[in-house]
Amino acid sequence: MKRGKYDALVSMNRLKLIQVLMCIIFLFLIIMTFEIPLLFKSSLGFESAEINFTGPLKINVFVDNTLHRKPERRMRELKKVSGLVFDEIAFDSISKNENFTELLKMARDAFVVGKNHWEDVVSGKTKIELGKKKKGNFSVSCPKSVSLSGIEFRKRGRMILLPCGLALGSHITVVGRPYWAHLEKDPKIWRKKTEDDEESVLVSQFVVELQGLKAVDGEDPPRIFHFNPRLKGDWSEKPVIEQNTCYRMQWGTSWRCVGIKSKADEETVDGQAKCENWIRDDENITEGENTTWWLNRLMGRPKKVPLNWPFPFAEDKLFILTLYAGLEGFHVNVDGRHVSSFPYRPGFTLEDATGLFVKGDVGVHSVFAASLPTTHSSFDPKRHLEMIPKWQAPPLPDSAVEIFIGILSAGNHFAERMAVRKSWLQHESIKSMNAVARFFVAMHKRKDVNVELLKEAEFFGDIVIVPYMDNYDLVVLKTIAICEYGVRMVAAKYIMKCDDDTFVRIDAVLKEAQKVRKGRSLYVGNINYNRKPFRYGKWAVTDEEWPEEDYPPYANGPGYVISSDIANHVVSDFENHKLRLFKMEDVSMGMWVGKFNNSKPVEYVHSLNFCQFGCIEDYYTAHYQSPRQMTCLWDKLKRQGKPQCCNT
């Protein structure tokens, strides 16, 4: 009996103890429920994890006195705006630092202006201003024809503007006179016999060129059609006409007319031969043909010699050149005679030809353009963007991904982004969320572009805004933003950077990166070794900008891959003000990887299949691809199952 009472007492005590423990756990859960949100608000400095794109920006991006935002951010904190934000007040406090370079000063100014532009866009202020000025209509009316005298043409920089581009049947007539040949020591169209050859060459050549709008600051405008008569000075030592196109400073395969008519079985353009003949057939007959010709003459059956013409241009002789836009290509007539035809190349449309430029050894008497389109928006993203749900990006996955691809783009590159969405972003890796890709775009100097960019970002969900004013020398900031997004937003194993004119075979790139042993740091791409900086010319770098004699090993910018630990190191150094910035983005990454390599070995993987200039068969990446070439590459990849180029 005594033992039974004891057992009952123990059971009651155990029950009370369990009840007390449950009360403590319940109180703990209540406390944590209130404390966790406060903890995140105080430590991360934001009220909400989402951005309201219909009203003012709700995120307080300037939360402390450091140069960059420093706290680690949670996954999915920011969806459309990069965390790469500068505090201009902190800049002033460190401006006397010896490491405060001109590039950093440029970055400060760009972020100050860009931040104001972005706030005006998200608040709706910019849209209201544009509505008052243009009443919501960005289209322009264009004249049916344009005529300039030689004096007016020279005053306008030897260019005639075609604001609405060209259309089928449009034609431009140039009346001019080639100059007499002059001596040049190093003409670009002449091949030196020896390296020490300094012999002067008689040169007379000029260019008639249809150009498009400049796509990126620091780059030449695209040459939609390049027509280059070389009267004297060509490497062949004969008069020739060279024709070509150029996109993003990358020339296509030239087509040369050398005086021999295109073969009968060769492809024509709207039924016209690509090249006409200006060498008489009876001047180039063989000995056997010559005997037959004399025999026919003696028998009273003379050979019928076709009527041919001399080279269509002559020094100090007036010419009338007419450039006509046909169904399949451009046609050039000189003095009423067809001279050459050039088929349209993938990537260019007639409406892109917004100006005709004439330069070289020629005096222009007049220019006349007619049958021009009268309506075309000088800025109209609607003609490029297809607001269809199937082109929208999949949502960010909750788990880590294999590769994150950051695509550098400019605000007004609506056509380029749309072409990428419709081509390689349709790859199975993107659909299955094993890979994530986002465009990284800064503020454009045109406010209407920024308004349309915001609409595009909201609809497609694949744009990350880096809120600084875009500048060619500050592209490196977008690369840092890609690293930051890749390691903090999607926790990717690999981070890839490419351009919006780069076609990427995601499966091939991943396969190349996965060749490196698991756990090793890697840097994969078309790697340059022992490259020296240019001290003169377009890509010149001063001794102050780069005092070293050589660049570090670096992968070409159009496409390369780094491991997440390198990307995290770049972001950390940036936030701690230890990251050296250089205006050449790809060299900067090589420099950062080299620094990381000093503490942890990096495996450099070099492959020429990361093609920098154009496209090669079996490419991993193909650069300088126009929007039409993008879709062409994708169609070939799907239809034929192997990578083939579209650059002919």
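Student: Is E315 buried or exposed in this predicted model?
Tutor: We're working with a predicted model here. The cut-off for buried is under 20% relative accessible area. E315 has a relative accessible area of 18%, so the label for E315 is buried.

Student: Which residue forms a salt bridge with E315?
Tutor: Side chains of opposite charge can pair when their charged atoms come close. For E315, the closest N and O atoms of the pair are 3.2 Å apart, and the cut-off is 4 Å. The partner is K232.

Student: How many residues apart in sequence are the parts that E315 and K232 tie together?
Tutor: Start with where they sit: E315 is in the loop between α6 (287–298) and β10 (319–325). K232 belongs to strand β6 (residues 223–232), and at 36% relative accessibility K232 counts as partly exposed. The pair therefore ties together parts of the chain whose separation in sequence is 83 residues.

Student: Where do D565 and K600 lie, and how many residues apart are they?
Tutor: These two side chains meet in a salt bridge, 3.0 Å from N to O. The pair links distant parts of the chain, with D565 in helix α12 and K600 in the loop between α13 and β22 (602–606).

Student: Which residues are linked in a network of salt bridges with R230?
Tutor: This one goes past a simple pair, as R230 belongs to a network of salt bridges. The residues linked with R230 are D234, E242 and R256.

Student: Which residues does D473 touch, leaving out those up to four places away in sequence?
Tutor: D473 is found in the loop between β17 (463–469) and α10 (475–488). D473 is partly exposed, with a relative accessible area of 25%. Its C-alpha atom is 7.0 Å from that of M584, a residue 111 places away along the chain. The residues in contact with D473 are L103, M106 and K583.

Student: Why is the disulfide of C142 and C164 right-handed?
Tutor: A disulfide is a covalent bond between the sulfur atoms of two cysteines. In this one, the S to S distance is 1.8 Å, and both C142 and C164 are buried. The handedness follows from the torsion about the S-S bond, so the value behind right-handed is about 70°.

Student: How many residues apart in sequence are the parts tied together by C142 and C164?
Tutor: C142 lies in the loop between α4 (125–134) and β1 (146–149). C164 lies in the loop between β2 (159–161) and β3 (171–178). The parts they tie together are therefore 22 residues apart.

Student: What is the handedness of the link between C615 and C645?
Tutor: A disulfide joins C615 to C645, at 2.1 Å from S to S. Both cysteines are buried. With -85° about the S-S bond, the link is left-handed.

Student: In the disulfide of C632 and C646, which cysteine counts as buried?
Tutor: The two are joined with an S to S distance of 2.1 Å, and the torsion is about -85°, so this disulfide is left-handed. At 23% relative accessibility, C632 counts as partly exposed. At 4%, the buried cysteine is C646.

Student: What pattern do the disulfides follow along the chain?
Tutor: The structure holds four disulfides. Counting the bonded cysteines along the chain, the pattern is 1-2, 3-4, 5-7, 6-8.

How values were computed
Residues are numbered from 1 along each chain as its sequence is written. This is a predicted model: local features need pLDDT of at least 70, side-chain atom pairs count only at pLDDT 80 or more; totals for chains, interfaces and linings use all residues. Side-chain values use heavy atoms; hydrogens and water are left out. Helices (H or I, at least four residues) and strands (E, at least two) are DSSP runs, numbered from the N terminus. Buried means under 20% relative accessible area, exposed over 50%, partly exposed in between (1.4 Å probe, protein chains only). Contact means heavy atoms within 4.5 Å. A disulfide is a pair of cysteine sulfur atoms within 2.5 Å.
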